[in-house]
Amino acid sequence: MPTVQHIAALIQAYADGPRLIEEAIRGMSADELHFKPGPEHWSIHENVIHVVDTDLIAAGRMRFIIAQPGTMLVGMDVGRWAQTMAYPAQPLAEAVELLRAVRASTAALLRRVPPATWEQTGTHTEAGPQTLEWLVEHFVEHIHYHLRTIAKRREQFARAG
């Protein structure tokens, strides 16, 4: 079972995600936000919208694991979501605000669940069993993965001049 200290640190890292995204995109021009180094790559804007969409799904999955352990967690086709949801056209400020609200609400919920709940699982349709602890850790890292992608796009944009 995860320790109380580990849980507290994990929740804090999870709650910090929106601030990190906001800091990473602060002051960017529209050209930089929408720059793509090639047609197969997402822009910074699209990366942020993707983070928000997946975070909405993750928050739901966490709630299912807490309330209905053993539930089925449905996978998502991220490429299809990006296309169908028209990521380039979605308003960025509202998306970041939604990310902040979802993470704040979910972090508050996570602070209230007993430590044993962190070992409860749901079964992902593609990846198999996932504990609440694993899911929160994964979405902490998901933000950091996309922060690295944002930094890479910024470098690519600067080189493209």
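I began with tyrosine 87, which is buried, with a relative accessible area of 0%; buried means under 20% relative accessible area, exposed over 50%, and partly exposed in between, with a 1.4 Å probe and protein chains only. I noted that this is a predicted model, in which local features need pLDDT of at least 70 and side-chain atom pairs count only at pLDDT 80 or more, while totals for chains, interfaces and linings use all residues. Residues are numbered from 1 along each chain as its sequence is written, and side-chain values use heavy atoms, with hydrogens and water left out.

**Aromatic pairs**

I searched the whole structure and found two aromatic pairs; rings of Phe, Tyr and Trp (its six-membered ring) pair if their centres lie within 6.5 Å, and planes under 30 degrees apart count as stacked, over 60 as edge-to-face and the rest as tilted. For phenylalanine 35 and phenylalanine 157 I read 5.6 Å between the ring centres and 70° between the planes, so this pair is edge-to-face. Phenylalanine 35 is buried at 18% relative accessible area, whereas phenylalanine 157 is partly exposed at 27%.

I then looked up tryptophan 42 with tyrosine 87, an edge-to-face pair with 6.0 Å from centre to centre and 65° between the planes. Tryptophan 42 is partly exposed, with a relative accessible area of 21%.
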